[in-house]
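Have a look at it before reading on.

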Amino acid sequence: MATPSALPGFHAPAVGFEQPFAMLEACHERVQRTLTLLQRLRAHVLENGADVPAQQAAHDVLRYFDIAAPLHHEDEELHVFPLLLAQGTPDVAELVARLQHDHICMTADWAAARLPLQALADGLQDGFSEADGAAFDCFVARYDRHIADEETVAYPAAQALLAAPALEAMGREMAQRRKVSPSARQ
């Protein structure tokens, strides 16, 4: 079982917070790589059980969705969604309402998916049940649709509404929440 750093394409070009929408899209790439790791973990566990590489992969998935994903959602909730609700077209505002609801559902989806991953990571579970697989599938499917909607509709609409000073402020605030320099590369 490969760790995330061994996944193909893991080393995407670094972007800094001075380009906040590029940073948000880079986060989406990391989400997708971590979801791919989750799928590979499921296949690995079927063949090899909960060996040490499987436990490490489970820890990697847990770390990403426990720490980085909530920060990403917060970025969107603070900087993208309010702007689009206030100034976007009615169709975009309707999409944003669904994206906000997705964030609530993703929290619940993650809670369900997290339990078997934590048990496997802690060596308390040897495999995944059918119910665990269904929880993983729900989590992955919601994220896939959510990311596609943000990248094709929400982000372009928000970028069109933001002037350079607002983009700079957005990037600074995103960096501050992560306690890094705005010019830091991710």
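A residue counts as buried when its relative accessible area is under 20%. Asp149, at 17%, is therefore buried. Keep in mind that this is a predicted model, and that nine salt bridges turn up in it.

- Arg98 and Asp149 pair up through their side chains, at 2.0 Å from N to O. This pair links distant parts of the chain, with Arg98 in helix H3 and Asp149 in helix H4 (residues 130-161), 51 residues apart.
- Arg98 is partly exposed, at 28% relative accessibility.
- Asp102 and Arg145 make another salt bridge, with 2.8 Å between the closest N and O atoms. Asp102 sits in helix H3 and Arg145 in helix H4, so parts 43 residues apart in sequence get tied together.
- Asp102 is buried at 2%, while Arg145 is partly exposed at 37%.

- Arg114 meets Asp66 in a salt bridge at 2.7 Å, N to O. Since Arg114 is in helix H3 (residues 90-121) and Asp66 in helix H2 (residues 52-87), the pair ties together parts 48 residues apart in sequence.

**Helix packing**
- H1 (residues 20-48) packs on H5 (residues 164-178) at about 45°, with the axes 9 Å apart, so the two are oblique to each other.

**Cysteines**
- The disulfide count is zero.
- For Cys105, the closest cysteine sulfur is in Cys138, 8.2 Å away and too far for a bond.

Technical notes: Residues are numbered from 1 along each chain as its sequence is written. This is a predicted model: local features need pLDDT of at least 70, side-chain atom pairs count only at pLDDT 80 or more; totals for chains, interfaces and linings use all residues. Side-chain values use heavy atoms; hydrogens and water are left out. Axes are lines fitted to C-alpha atoms, for helices over the stretch in contact, and angles run from 0 to 180 degrees between N-to-C directions. Helices (H or I, at least four residues) and strands (E, at least two) are DSSP runs, numbered from the N terminus. Angles under 35 degrees count as roughly parallel, over 145 as roughly antiparallel, 65 to 115 as roughly perpendicular and the rest as oblique. A disulfide is a pair of cysteine sulfur atoms within 2.5 Å. A salt bridge is a side-chain nitrogen of Lys or Arg within 4 Å of a carboxyl oxygen of Asp or Glu. Buried means under 20% relative accessible area, exposed over 50%, partly exposed in between (1.4 Å probe, protein chains only).
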